[in-house]
Amino acid sequence: MTERTISVDYLARVEGEGALTVRIRGQEVDDVQLRIFEPPRFFEAFLRGRSYLEAPDITARICGICPVAYQMSSCHALERALGMEVGGPIRELRRLLYCGEWIESHALHIYLLHAPDFLGYPDAVHLAKDHPEAVRHGLELKKAGNHLMQVVGGREIHPVNVRIGGFYRCPTVDELGALRPELERALALAEETVRFAAALDFPDIEEDYEFVALRNEREYPMNEGEVASNRGLRVPMHQFEDVFEEVHVAHSTALHSVRRGAGSYLVGPLARYALNHDRLPPRARSAANEAGLGGTVRNPYRSIVVRAVEVVFACEEALRLLDHYRPPAAPFVEPPPTFRATEGSAITEAPRGMLYHRYRLNDGGLIEAAKIVAPTSQNQKRIEDDLRHLVERSLALDDASLTDACERAIRNHDPCISCSTHFLSLDITRS
Amino acid sequence: MHEEALLRDLLRKIDEVARENEALRVTRVRLWVGALSHLAEAHLAERWAMSTVGSIAEGSQLDVTFSGDPGDPRANRAVLESIDTVGPAGEP
């Protein structure tokens, strides 16, 4: 035997976090399992024993694309637990901050992750060679969203200005006013994005989704509303766990959410739009009409158009909020100095869909239990259902083409693994 | 948080290099980890033992050099520096 040392000097990369296992028997699809490899991150566990005041900053670290969603859901849940009422300009500022996140997150997905699928490119780098204008628009939109987050949230990624009760510091009228030209430009770009997306070629496919989203009487939902579905569900958000449950499945480290006694459901832009399109402001509604969206979109590939309409909405809403902004007397509502052990939950609309938080506090204000249900885990079972239908329709494809088709089907729903599913490993057993 | 995904990529590369060099086993792996890589030493060691089972690197020793320099251009990455292999008798 000989021993030797081999110099390699290889720069490792983080590989895809997903794999798809398909079992086909004859012309029947026996089983489809979307496996998520990412190890558990234990956020719910390490929130225990921490002050409730830390929850917005700790949970923001769960996602670099949608940290505001985690901050908003944690703030609302804890404020509900403490009986705090937060309204007026602070409420409006939170909505404005959320607009920034919707813009940057949706722009990223539309132009850098999703559009290459429709135009025949493996990724945005290749897309940029032939369509530099499209990628430039995407980056410009993303920058506008990030800038908004920076001004309101103090930082464009993992904002540091959010706290229980409101903000550490509220921006001045002039600081927000300075955002207007950039947001006006973003609104025009967003409308162009809707036209761009609507002109893409879409597979002629519709799925029978149960759409679930917040809905309220006033506006397109972000921070408030009841949980509604297109199959008649209407419950207050604190009853979320009575209606939905998370289940462990052996093949994935991500939990699957199901509606109790019913099965998979879909959250995110398609669901929000189906349940709230009548709440869209004029320019977003006009963009949706021009794109021919109708009231409900069941074709998952057309989610790129709906996402673009939501960018129009977020820009339009941000401009409205800028115009009506008057700084509050105090940047935050003071939490009660003492309180008894308590519990509270809340849902807000992350760019990818409903994000549920629940906290139990002891009388010293320390978190005893936390539960977080992210949109991707709520959608995972539904994504598996989409994939099963896709595989059933595509049995004649070779493995490489089928892998490509499955990756596209996953990206339709912008899950947290969106950027890594270009490396989806597909394991097909045919018998 | 991305240890598992990173190790899968590393193991694929290790397997490729080992086979190119007609190695029978990989006995030691040297890895350089940047200061901003978000890789945790204990977690990496634990995952290594689990991830290598059944691979050509099963039972191998993982030597990790953690860089403390956030200014290094590779600070957010990990580099597979070298591997020790055992080959058949008479092989170079």
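I began with helix H1 of chain B and listed its buried residues, which are B:Glu3, B:Glu4, B:Ala5, B:Leu6, B:Leu7, B:Asp9, B:Leu10, B:Leu11, B:Ile14, B:Val17 and B:Ala18. I keep in mind throughout that this is a predicted model.

Next I asked what the buried residues of H1(B) pack against.

I then checked the length of H1(B), which covers residues 3–20: at 1.5 Å a residue its 18 residues should span 26 Å, and the end C-alpha atoms are 25 Å apart, so the two values agree. Looking just past the end of this helix, I noted that B:Glu22 takes a positive phi of about 55°.

**Sheet E11-E12-E13 of chain A**

I turned to chain A and looked up an open sheet of three strands, ordered E11-E12-E13, in which the pairing is antiparallel. Strand E11 (342–350) and strand E13 (367–373) stand at its edges, and because each has a single partner strand, one side of each is left without a neighbour in the sheet. From one strand to the next, the twist averages 15°.

How many bridges pair E11(A) with strand E12 (residues 353–361) of chain A? I counted nine bridges in the record of this antiparallel pair, and I noted that A:Ile347 has A:Tyr356 in E12(A) as its bridge partner.

I also looked for helices on this sheet, and helix H13 (residues 375–393) of chain A packs on it, touching E11, E12 and E13 of chain A, with a direction that makes about 125° with that of E12(A). Helix H3 (residues 67–81) of chain A lies across E11, E12 and E13 as well, running at about 150° to E11(A).

**A:Thr59**

I picked out A:Thr59, which sits in helix H2 (residues 55–60) of chain A. Is this residue buried or exposed? I noted that A:Thr59 is buried, because its relative accessible area is 0%, which falls under the 20% limit for that word.

A polar atom of the side chain of A:Thr59 lies 3.4 Å from the backbone oxygen of A:Tyr70. Leaving aside residues up to four places away in sequence, I found that A:Thr59 touches A:Leu47, A:Tyr70, A:Gln71, A:Ser74, A:His357, A:Tyr359 and A:Ile372.

**Sheet E6-E7-E8 of chain A**

I went on to another open sheet of chain A, in which three strands follow the order E6-E7-E8 with antiparallel pairing. Its edge strands are E6 (212–215) and E8 (234–235), each of which pairs on one side only.

Strand E7 (residues 226–229) is joined to E8(A) by two bridges, and the two strands run antiparallel; I noted A:Val227 opposite A:Val235 in E8(A). Helix H10 (residues 269–276) of chain A lies across E6 and E7, running at about 50° to E6(A).

Key. Residues numbered from 1 in each chain as written. Chains lettered and ligands numbered in written order. Predicted model: local features only at pLDDT ≥ 70, side-chain atom pairs only at ≥ 80, totals over all residues. Heavy atoms only, no water. Helix = DSSP H or I, 4+ residues; strand = E, 2+ residues; numbered from the N terminus. Buried < 20%, exposed > 50% of the residue type's maximum accessible area, 1.4 Å probe, protein only. Polar contact = N/O pair within 3.5 Å; in protein donor to acceptor, adjacent residues only side chain to side chain. Contact = heavy atoms within 4.5 Å. Pairing = 2+ DSSP bridges. Axes fitted to C-alpha atoms, helices over the stretch in contact; angles between N-to-C directions. Expected span 1.5 Å × (residues − 1).
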